Amino acid sequence: MSQIQTECEADNTTFNRVNIYFYLLFFSFLSLSLMDPESISPQTSRISRAKRVSLGVGGALVELPATERGGWSNPIEFVLSCIGYAVGIGNVWRFPYLVYRNGGGAFLVPFVLMLITMGLPIFFLELAIGQYSGLGPNEAFARMAPAFQGLGYCTLVVIGFVIVYYMVIVAWTLFYIFASFSPNLAWAHCDNYFNTDNCYSGIQNLECQNQNNMTIFYNRTCMAINEVCQKFDYKFGNITHCIKDDNVIAHRHLYKRVLSSEEYFR
């Protein structure tokens, strides 16, 4: 079992690195294709700024007045901004979990397929329209075609949903950062009001053994090993197993154990 877990953890680490490296390679290519003309030729910055927005109703080219707006001073700023926008909790945290849950290496095939056919093209489309037009989603889509203006509002709605989703995660992070400063962590012990008799804490089990090496943590208290084994018709036992003639069984298989952290997060 430990070997399988080790192989899955190795797969998760490998695929997580592949995911991030793929994004880095894509952003490097993107920085060259969408580089701000101001960083290449300062003399033509005024002309390029006036001609950058050329999407008009019916496909007609429209040159908007030159207006001052922020631009990338070099490609590195653009690459770092894109990484900050795209690489987040889903890449670093959720991706290894999805790999482990959906078959390990087999999950990489549909993931790369959807990344190439759906994820990256849509991401490239958003960046290309934003860099080319220099407008927000509402005005950018409306200048391509009046009927597309609803896409801009849909984009804002999606952004609103994502903000709510991320704010909840950030709130959890802040809560558990401050909760972790407590000397007695609620998710590491079984002496809370919500814990059941099946609760098991490795910390409290170690405390029992430090007090008496012939006791283990059972039923939310320290109990002699032989007494625990005799409850299940075994003659005697040691720290890890109960023994009856030629029958040897580990404590974790003898009775139900629910980790204290599992009971806390229910």
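Let's start with a word you'll need throughout: a residue is buried when its relative accessible area is under 20%, exposed when it is over 50%, and partly exposed in between, using a 1.4 Å probe and protein chains only. What you're looking at is a predicted model, where local features need pLDDT of at least 70 and side-chain atom pairs count only at pLDDT 80 or more, while totals for chains, interfaces and linings use all residues. Residues are numbered from 1 along each chain as its sequence is written, and side-chain values use heavy atoms, with hydrogens and water left out.

**The big picture**

- The protein chain has 12 helices and 7 strands; these are DSSP runs numbered from the N terminus, with helices being H or I of at least four residues and strands being E of at least two.
- Of the 266 residues in the protein chain, 28% are buried.
- Take the contacts (heavy atoms within 4.5 Å) between residues at least 6 apart in sequence: 47% of them join residues at least 24 apart.

**What the UniProt record says**

- The unreviewed UniProt entry puts "transmembrane region" on residues 20-37, 78-95, 107-129 and 150-178.
- UniProt positions are given here in the numbering of this model, feature names are shortened, and annotations may be inferred rather than shown by experiment.
- In the model, residues 107-129 are 96% helix and 0% strand, and their end C-alpha atoms lie 32 Å apart.
- Residues 150-178 come out as 100% helix and 0% strand, with 42 Å between the end C-alpha atoms.

- Two packed helices are described by the angle between their axes and the distance between the axes.
- Here, axes are lines fitted to C-alpha atoms, for helices over the stretch in contact, and angles run from 0 to 180 degrees between N-to-C directions.
- Helix α4 (residues 75-86) packs with helix α6 (residues 108-133) at about 135 degrees, and their axes are 13 Å apart.
- That makes α4 and α6 oblique to each other: angles under 35 degrees count as roughly parallel, over 145 as roughly antiparallel, 65 to 115 as roughly perpendicular, and the rest as oblique.
- On the α4 side, F78, C82, Y85 and A86 meet F123, E126, L127 and Q131 of α6.

**α7 and its neighbours**

- In helix α7 (residues 137-144), A140, F141 and A142 are buried, and the buried residues of α7 pack against α6 and α8 (149-179).
- The α7 and α8 axes are 7 Å apart, at an angle of about 160 degrees, so these two helices are roughly antiparallel.
- P137, N138, F141 and A142 from α7 meet Q149, L151, G152, Y153, T155 and L156 from α8.

**The two sides of α9**

- Helix α9 (residues 202-211) has Q204, N205, C208 and Q209 buried.
- Looking down the axis of α9, those buried residues fall within an arc of 145 degrees, so they line one face of the helix; the arc is that of the directions from the helix axis to the C-beta atoms.
- Covering the buried residues of α9 are, among others, β1 (199-200), β2 (215-218) and β3 (221-224).

**Single residues to look up**

- F107 is in the loop between α5 (89-101) and α6, and it counts as buried at 17% relative accessibility.
- Setting aside neighbours within four places in sequence, F107 is in contact with F95, L98, V99 and N102.
- S260 belongs to helix α12 (residues 260-264) and is buried, with a relative accessible area of 6%.
- Not counting residues up to four places away in sequence, S260 touches W187, A188, H189, C190, C199, Y200 and S201.
- N219 isn't a glycine, yet it has a positive phi of about 55 degrees; N219 is in the loop between β2 and β3 and is partly exposed at 35% relative accessibility.
- D233, also not a glycine, has a positive phi of about 65 degrees.
- You'll find D233 in the loop between α10 (225-231) and β4 (236-237), where D233 is exposed, with a relative accessible area of 59%.
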